[in-house]
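Work through the exercises below with the sequence and the 3D structure open. Each task is followed by a solution in steps.

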Amino acid sequence: MSFNKWKKTVDEGDTIMISLGKQSIMTILVESSKTLQTKFGAFPHKEFIGQKFGTKIFSKNRKGWVFLLHPSPELWTVSLPHRTQILYSTDISLIVMELELKPGSIVVESGTGSGSLSHAILRSIKPSGHLYTFDFHLQRVDKAREEFMQHGLENFVTCKCADACADGFSLEDKADAVFLDLPSPWDAIPHAIKTMKKSGGRLCSFSPCIEQVQRTCDVLRQFRFCEIKTVECLVRALNVKTIPVPEANLGSLDFSNIDDEKPTDSKRLKQNEEEIQSQLPHIPQFASTKEPYIEDNQIASTDESRIKVARCANVTGVNSLGMVTKLTAKSKSRHCNVLTCKGNKEMPGHTGFLTFASLYPS
């Protein structure tokens, strides 16, 4: 029942998430008679019951531990058993926003697949909304229906086995939004119009190939859909690096005596430290120590106390040219250290294109 509402402790029959380390999550159904076997040791389920979510649980041999995590659609996405290829949180977040889902929305989804998107939709439309999800594969429908019951979501979702492209959805004037994840979504668009409310709604189609997108957009225009747009979500990691950049030479200044006037690296480093200390007047210096102390009357209610403040090795700030630099870091002669963000040369692979469209009242 943990997916239906938030709870503090684990009960018998709950579906919970187990964190086994960085980016390693698994889902289990708590049964007091079973034991979870992992590389960190054995964990009897009965030790989970009554524990608060977020608790660290040690194995029987005390050589390893796991964390008990409360279920969420995001954790379910990274831990569910794959029956088909699934949508991940990057695409799911955009789908939920663009379909304008909210509590009370009626949504039609085809196909169900492994139920990754379904759980995120249900969280957005509860408690007064409803999801109608369709898949042509009977075994996948039965397994999805079983999972929804285990998660306590059976009152908010209806699973049906049907070929949406050939048979439609058997619903009329019902849906606020329709999501299509099909090989030929253009065949399901006429059926989607019938199931959408006469007041209009939003439609989203997920396709891995641009040729599918082109044909889908052509059919959407034929059936008077508006605001058609296609989006591709890619994740790009940025790395913060420090690079030396030559100081600007404006050309109009006389640099004949620059070698005599320009401070050395050690002098510049000392000047930067003096500037930093001048910006922190509340930290008094003491001759008996090399490190500064601070007095805090609010913390020390009875006796005067001094809190040791560690010097920062590399302090970030803005130089006279407006660039973000490391003020106290050594730099090359006539260069300054500039902080930059640079993307990785390799990017994660393509997942698919999301096509969104609006249907207005006729």
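**Exercise 1.** Which residue in E4 is the bridge partner of Leu 36?

Solution. In E4, Leu 36 has Phe 43 as its bridge partner. Strands here are DSSP runs of E, at least two residues, and helices are runs of H or I, at least four residues, both numbered from the N terminus. E3 (residues 35-38) and E4 (residues 41-44) pair in the antiparallel sense over 4 bridges; pairing requires that DSSP finds at least two bridges between two strands.

The model is predicted: local features need pLDDT of at least 70, side-chain atom pairs count only at pLDDT 80 or more, and totals for chains, interfaces and linings use all residues. Residues are numbered from 1 along each chain as its sequence is written, and side-chain values use heavy atoms, with hydrogens and water left out.

**Exercise 2.** Sort the residues of E3 by face, covered or uncovered.

Solution. In a regular strand the side chains alternate between the two faces of the sheet. In E3, Leu 36 and Thr 38 make up the covered face. Thr 35 and Gln 37 lie on the uncovered one.

**Exercise 3.** Give the strand order of the open sheet formed by 4 strands, and find its edges.

Solution. The order is E2-E1-E6-E5, with antiparallel pairing. The edge strands, each pairing on one side only, are E2 (25-29) and E5 (56-58). From one strand to the next, the twist averages 35°, taken between N-to-C directions of axes fitted to C-alpha atoms, on a scale from 0 to 180 degrees. Within the sheet, E1 (residues 15-19) and E6 (residues 65-69) are joined over 3 bridges. Met 17 has Leu 69 in E6 as its bridge partner.

**Exercise 4.** How many residues of H3 are buried?

Solution. Buried means under 20% relative accessible area, exposed over 50%, and partly exposed in between (1.4 Å probe, protein chains only). By this cut-off, 9 of the 10 residues of H3 (residues 116-125) are buried. Among them are Leu 117, Ile 121 and Leu 122.

**Exercise 5.** Which residues touch the most other members of the largest nonpolar core?

Solution. A nonpolar core is a set of buried Ala, Val, Leu, Ile, Met, Phe, Trp, Tyr and Cys residues joined through side-chain atoms within 4.5 Å. The largest has 33 residues, and Ile 95, Leu 101, Leu 122 and Leu 354 touch the most other members. H3 gives the most to this core, with 5 residues. A second, separate core of 22 residues includes Phe 134 and Leu 182.
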